[in-house]
Amino acid sequence: TDRPIDICVFGCTGNAGRAVAFHAVRCGQQNNKKLTIGLAGRSRAKVQTVLEGILAELSLQPEDVSYEIVVADVTDDASMLAMAETSCVVIGCAGPYGRYGEATVKACVEGGAHYVDITGEVPWVERMITDYDEKAKANGVTLLPFAGYDCIPSELSLYLAGTALESSGKDEDAVLGQINLAFQNKGGGFPRGTLNTILDSFEGKAPSRRPQDKHFYSGDYRPTAKAALAPSTFLFPQWSTAAGQYTGPNFMAAINVPILCRAAPEMGFANSNLVITDRSVVSGRPSFFNGYGLVPTQLYISALLVSGIALVLPPVRWWLRRKLQSYSYGGDPSGQVMVHAEAICAKNSDRIATAKLTVPGEAGIYATGLFAAATANALHQAVSGGGTSVSLPPAGFHTPVAALHNVRPGLLVDSLTSLGATVLVKGIDDQPIRSKL
């Protein structure tokens, strides 16, 4: 806690990294004692340009902010270690993570810095767990991957709705049996790093499981994951009671579902028969004229199928690679991420608790930056005592919500709401409750 940099954003010159840095600076201004925010990248000049843009956007002067510019490069181990040794929490934003992520993990584990990232690459995280988890635990380092749009909204919704169900049930029968998620996004575009990750996976360049790699979640939950990711869920519209209309597949489910399968037992929802549905709302207001979402949902599924077939073709991937060389998407603050969640009792399907999470900005850049910065801020408070922590987060690799839920009631929720998120949780009696994380 006596390190000169409280939260350091590595890779801040990329689109997503810039959004993370923007919200990290906002976090730094909200505390009674200003946090020192580090902005790190290969080029001091480019990092300085990012800083100047953020200050202008927030109407701040350099003297209003406590900051450090750090030069670090994934090809230079000494520079990465120096960054980690001077930082309390490092947010790794250099992706695709299968190409550039390991250097930050290694530096944090060796340098004693806690770690957050915005990856959505489950096989890569399995590899990092296998190679670095034991040393991280020995060094007391907490590592929280998946702290962006993948997968804070889904994991937090599981915790809030599930806790509301079991705490308001007032008996041992109030056991979580099913979690239904429906995502509704306004605005947005694909981040460059995400597109590169998708192309890498089609071309076999993304990290794959090694025989010695540890499985990300318990084998007890493999039937849960298999059912949630069955081909039928991606081919047909499904009615969502959480959203009140027909929904399409959420293509992020391939990432969300493994995270939920790992997080559920760590949060105390120990039910290997857990059912997960993860859907996308693709229409506006449901009505008779759009078949209550059925027509736009079917068009959306058709577009996904055509896109998937197109990406199999090498000329299409070659064309996309060329376009990505000059492609840039900086995010959309006017967008919105909304998640509707239903937690249903295993023994009585009429007993339902709900949670609704609303976050400003589109999913891929602005909201991802908000999620990651809020997670890093909560982790910093947890390890520094700034949030009057009940306990320290566990060392080693963990999903963010599972790691933080016992530190202090409300820690992550408060960090998110301070940046503009709203949370509404209702118990089985349909009455709003203040469910804290």
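Predicted model: local features only at pLDDT ≥ 70, side-chain atom pairs only at ≥ 80, totals over all residues.
I looked for disulfides (pairs of cysteine sulfur atoms within 2.5 Å) and the count came to zero. Residues are numbered from 1 along each chain as its sequence is written, and side-chain values use heavy atoms, with hydrogens and water left out.

Cysteine 12 is buried at 0% relative accessibility (buried is under 20% relative accessible area, exposed over 50%, partly exposed in between, with a 1.4 Å probe and protein chains only).

I then turned to cysteine 93. Its closest cysteine sulfur belongs to cysteine 12, 8.2 Å away and again too far for a bond. Cysteine 93 is buried too, at 11%.

Next I visited asparagine 271, in the loop between helix 11 (253-267) and strand 10 (275-280). Helices (H or I, at least four residues) and strands (E, at least two) are DSSP runs numbered from the N terminus. Is asparagine 271 buried or exposed? I noted it as buried, with a relative accessible area of 14%. Leaving aside residues up to four places away in sequence, asparagine 271 touches Leu176, Gly177, Tyr221 and Ala346 (contact means heavy atoms within 4.5 Å).

Last, I checked tyrosine 292, which sits in the loop between strand 10 and helix 12 (294-312). Tyrosine 292 is partly exposed, at 41% relative accessible area.
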